[in-house]
Amino acid sequence: MITMSDVFEKVMDLAKRRGFIWPTSECYGAVAGFIDYGPLGAMMKRRVENIWRDFYVIGEGYYEIECPTIGQEAVFVASGHVKGFSDKMCQCPHCHEYLRADHVAEGGGVEGAATMGNEELAAAIAPCTCPACEEKLGKVEVFAFNLMFKTSIGPGSQRAGYLRPETAQGMFVDFGRLLRFYRDHLPFGAVQIGKSYRNEISPRQGMIRLREFTQAEAEIFVHPDEKDHPQFSRYAGYTMPLLTSAQQLGKEPAVTMTMREAVDRDLIANEYVAYYLALTHEMLIKIGVKADRLRFRQHLSDELAHYAADCWDAEVYSDRFGWVETVGIADRTDYDLKSHAGQSGTPMTVFIQYDQPKKVKRRRIVPNMSVLGKQYRNKAKAVFEALAQATPDEKGADIEVDGEKIHIPPNLFEVRDEVIEVRGDEVIPHVIEPSYGIDRMCYAVLEQAYDEDTADGETRTVLRLAPCVAPIQVAVFPLMNRDGLDTIAAEITQTLKARGMMAEYDDSSAIGRRYRRQDEIGTPFAITIDYQTKDDNSVTVRDRDSMKQVRIAIDKIPDTICSLVNGSAEFSAL
RNA sequence: GCGCCGAUAGUGUAGUGGUUAUCACUAGGCGUUGCCAACGCCUAAACCCGGGUUCAAGUCCCGGUCGGCGCACCA
């Protein structure tokens with residue numbers, strides 16, 4: 001282990017130098033909040049994404065969909081992003097500091113700032129002092145800063161579009177199609193991996209806060225009364241440290257307990273949330289996050305979105321940035337589907353059939369259309385509607401239409417009591433949403449993998465990447481670049497590639513240098529062809545972390561390397 | 001956005017306003033080399049961008065961009 005105060009800089013340096021990530025469009029000057037993944041970074045990121053797919057698409061059976069990254073305005077009106085994703089801001093005329101206008105107002109004792117319009121708020125904060133320079137603000141302009149990138153769709157810019165600030169909305173608006181795809185059954189889920197965009201005011205911290213970033217989100221639609229996960233037994237006994245809201249308020253350390261216990265004690269809202277907390281824990285460990293640098297923190301009531309029933313963040317500890325929110329797992333209730341149903345006019349419900357149809361008594365009031373229609377003419381429709389809701393007695397029914405009280409005598413309608421069969425309910429599903437920040441996961445993987453040790457008195461830089469996320473899975477070296485060793489090495493490389501392995505052949509310079517080069521980019525295994533190979537068809541396999549070597553037969557190479565990379569075999573057991 | 005600090009080959013760096021911009025590593029070529037950054041020879045490669053001051057700017061000044069830190073922001 002190394003103790004380095006600034007792993008961040010070393011990791012970023014290595015990332016730039018060896019082609020993991022670098023600033024975008026450097027020849028024109030980079031742009032804050034945007035990065036390029038280089039050859040090795042893009043490869044590693046795909047591996048992380050594919051492990052995510054293994055868990056959600058293959059494991060859970062939630063199919064992946066792909067929606068546009070530009071959405072029309074209505075989508076984000078419904079989601080609340082057009083209104084709620086913007087902050088009311090103002091600029092101090094004295095020190096030119098940008099300030100949150102509503103925060104200034106609250107600090108100055110103004111009530112109801114959150115609901116004020118821009119002009120009203122500007123007037124309200126005029127007597128307040130600037131929190132930065134403590135001058136009296138006076139006349140300022142309050143303006144909205146929306147964190148969404150806005151664009152226009154088609155010529156003439158009649159139609160507003162936004163770059164999506166999250167992938168989630170695509171799955172919500174596709175609800176009807178997805179429901180039919182899953183043959184009208186709850187629960188079901190859909191997932192999406194893709195770019196999202198937020199026009200951050202001041203992005204910082206390398207790849208932690210980006211203006212364009214990759215999200216992997218799952219939207220799991222469940223019956224609101226059935227939040228027990230059918231496969232919960234898989235994780236019922238799974239333990240991990242939980243930092244509940246109570247623990248945080250009491251400044252107590254995280255508690256470790258099983259998921260079963262956490263749900264039973266109501267620390268986690270339901271089995272679904274608990275299941276995905278555990279699944280997330282398992283996945284983050286698999287990609288190489290260290291258990292002691294991973295915790296799950298529950299949102300406090302004041303940071304919980306108003307519609308959410310429960311929300312937990314998986315936080316990964318960074319030497320540079322402290323605890324970084326990397327995954328969010330929320331029970332979003334029926335908020336999103338309700339919003340889109342309301343905005344679009346399309347019902348977003350599932351018909352849940354009863355085991356037995358219910359017989360329900362119903363009173364129906366049938367108006368005498370021909371008489372009432374003539375009598376009330378253009379008001380007739382409103383009269384019929386009011387009458388249907390009325391509770392008539394033997395003297396007739398008293399209704400009110402447009403403020404006018406109307407008496408309908410009993411001979412102008414008929415009251416029918418009937419028994420009808422109700423076969424089920426229309427239910428708005430609740431949504432369980434695990435949402436992963438892929439870029440942050442990649443950063444965590446790199447930072448935690450970075451290590452320096454001493455080999456032969458020299459410092460060795462080594463990325464201890466989990467074999468399953470390492471960009472290059474195996475390197476193949478001929479000990480000498482002659483005597484046929486190079487052709488044997490080239491053949492082995494081809495064989496490995498034919499098995500789908502990312503194998504790299506290298507015959508340049510000294511063998512030690514080649515090992516070091518691969519150590520630095522995290523290649524877990526190296527095969528060396530030496531003179532003994534020509535005698536007995538065996539090669540050495542070298543382990544990156546221990547630098548130990550074992551001999552294996554050439555024909556065993558593909559199977560052995562595959563098992564080592566996918567984790568079904570350990571090097572130490574060879 | 002504000003404030004402070006910084007920016008020189010791929011990386012890390014030296015560089016009092018005045019020669020052909022220093023050194024190391026890295027990378028490429030050739031040779032050598034029987035397992036962990038070996039060696040020899042050769043080669044490639046940089047003053048962030050735009051103004052200004054000056055006879056002369058990598059160096060001083062102003063603006064911008066990017067990066068780091070603090071503030072603010074982070075549905």
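This is a predicted model: local features need pLDDT of at least 70, side-chain atom pairs count only at pLDDT 80 or more; totals for chains, interfaces and linings use all residues.
Residues are numbered from 1 along each chain as its sequence is written, and side-chain values use heavy atoms, with hydrogens and water left out. Local features need pLDDT of at least 70, and side-chain atom pairs count only at pLDDT 80 or more.

Chain A is divided into domain 1 (7-73 + 152-336 + 431-437), domain 2 (86-146), domain 3 (356-426) and domain 4 (472-573), with bounds from an automatic or database domain assignment. The centres of domain 3 and domain 4, taken over C-alpha atoms, are separated by 84 Å.

The structure contains 37 salt bridges, each defined as a side-chain nitrogen of Lys or Arg within 4 Å of a carboxyl oxygen of Asp or Glu. In one of them, Glu520 pairs with Arg17, with the closest N and O atoms 3.3 Å apart. Glu520 belongs to helix H18 (residues 511-520) and Arg17 to helix H1 (residues 7-18), 503 residues apart; helices (H or I, at least four residues) and strands (E, at least two) are DSSP runs, numbered from the N terminus. Glu520 is buried at 13% relative accessibility, whereas Arg17 is partly exposed at 48% (buried, under 20% relative accessible area; exposed, over 50%; partly exposed, in between; 1.4 Å probe, protein chains only).

Arg293 forms a salt bridge with Glu447 at 3.9 Å between the closest N and O atoms, and both residues are buried. A further salt bridge joins Asp559 and Arg499, where the corresponding distance is 3.1 Å. Asp559 lies in helix H20 (residues 557-566), and Arg499 in the loop between helix H17 (485-498) and strand E25 (503-505).

Methods:
Chains are lettered from A and ligands numbered from 1 in the order in which they are written.
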